[in-house]
Amino acid sequence: MKIFISLMRVSVVSGCLIFNTVRAQNVGINTRNPQAAFHVDGSKDNPDSGSPNSSQAANDIVFTSSGEIGIGTLSPAVKIDARSTVNTDNAIGVGKTTQTASDAGEGALRYNSFNGGKMQYSDGTVWQELVSTPTKSVLVANILTANFTIKIPYQVATGIQGWNEISDPSNNFNSSTGIFTAPRTGIYLVSFTYDFVRVPIVSGYFSEARYVVNGTNTVKKCIKSFSNTSRQAQIAGSCIAGVYLNKGDVFQPQIYQSVYNGDLSLRTDNSTSSPDNGFINLSIIEQ
């Protein structure tokens, strides 16, 4: 009898060990090498050992032990994560519902096909429209350098570099190169002012402010011309214009001068109290 009881105890313990081992294993469909608590390999292309690469994981679905779902990714960072690094078809479809906002519950999403079609969310009481209000780009910059530092060659369109940023909350402007990158497609209101040091002006000559997109495309010109009487004068100009930019377009203000046959210096100073300071300014406001 004692021997029988001992054997029963061993059987029970062994059964518990086997049961715990099964519970600890991941479950896989179309894969012998599941990477999560539940792992479906859609194309049956995962290796039998090691981790699948990003291309192999792009057709997989996983349910992690923490209750997160990954679609095309084996490492979901939120409850439902469809951000595949390989497959660019990462859209998530949201359907329509006739439920009231209170029945659907706070935080629910739906697509409303009426009035042109809009995405809405429930605040627990009513369906609210999802409205995109991104932070608009607002750039304000000027030049703070010693006089005669920035020179514009004769009859050569030259980009203005070495800006001092006053405001650029969206970080879309490279102050060293003077290049602005459009964060979104749309209209940008640009204002640019400049002033040269005093030099003798040959009659009939001119200077231009040019707005150049993507390095070669001049989209706006503002000219400052002079009479047919040669004289010594202050050469200044300004340009205010709306510029249409696509997302990712790069924009730079340039100056073309046909006034002085040589390098013509901009009127600048690195002291804000100097009478030569404050003439070179740039602002770009996203509309």
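**Reading strands, faces, phi and salt bridges**

Modeller: Let's start with one spot on the structure: D41 stands opposite D60 in β3. This is a predicted model, in which local features need pLDDT of at least 70 and side-chain atom pairs count only at pLDDT 80 or more, while totals for chains, interfaces and linings use all residues. Residues are numbered from 1 along each chain as its sequence is written, and side-chain values use heavy atoms, with hydrogens and water left out.

Colleague: In what sense do β2 and strand β3 pair, and over how many bridges?

Modeller: First, the terms. Strands (E, at least two residues) and helices (H or I, at least four) are DSSP runs, numbered from the N terminus. Two strands pair if DSSP finds at least two bridges between them. Here, β2 pairs with β3 (residues 60-63) in the antiparallel sense, over four bridges.

Colleague: And in what sense does strand β1 pair with β2?

Modeller: Strand β1 (residues 27-29) pairs with β2 in the parallel sense, and three bridges connect them. To find this pairing on the structure, look at V27, which stands opposite F38 in β2.

Colleague: Now a backbone angle. What is the phi of K44?

Modeller: As background, most residues other than glycine have a negative phi. K44 has a positive phi, near 55°, and is not a glycine. You will find K44 in the loop between β2 (38-41) and α2 (54-57), and K44 is exposed, at 61% relative accessible area.

Colleague: What is the phi of F148, and where does F148 lie?

Modeller: F148, another residue other than glycine, has a positive phi near 70°. F148 sits in the loop between β9 (138-142) and β10 (151-152) and is partly exposed, with a relative accessible area of 49%.

Colleague: How many salt bridges does a search of the whole structure find?

Modeller: A salt bridge is a side-chain nitrogen of Lys or Arg within 4 Å of a carboxyl oxygen of Asp or Glu. The search finds six. One of them joins D81 and R83, whose closest N and O atoms are 2.8 Å apart. D81 is buried at 4% relative accessible area, while R83 is exposed at 53%.

Colleague: What do the side chains of K118 and E129 form?

Modeller: They meet in a salt bridge (3.2 Å, N to O). This pair links distant parts of the chain, eleven residues apart: K118 in strand β7 (residues 118-122) and E129 in strand β8 (residues 127-129). K118 is partly exposed at 33%, and so is E129, at 40%.

Colleague: Which parts does the pair of E286 and R184 tie together?

Modeller: The side chains of E286 and R184 form a salt bridge, 2.9 Å from N to O. E286 lies in strand β23 (residues 281-286) and R184 in the loop between β14 (179-181) and β15 (186-195), so the pair ties together parts that are 102 residues apart in sequence. E286 counts as buried, at 9% relative accessibility, whereas R184 is partly exposed, at 26%.

Key
Buried < 20%, exposed > 50% of the residue type's maximum accessible area, 1.4 Å probe, protein only.
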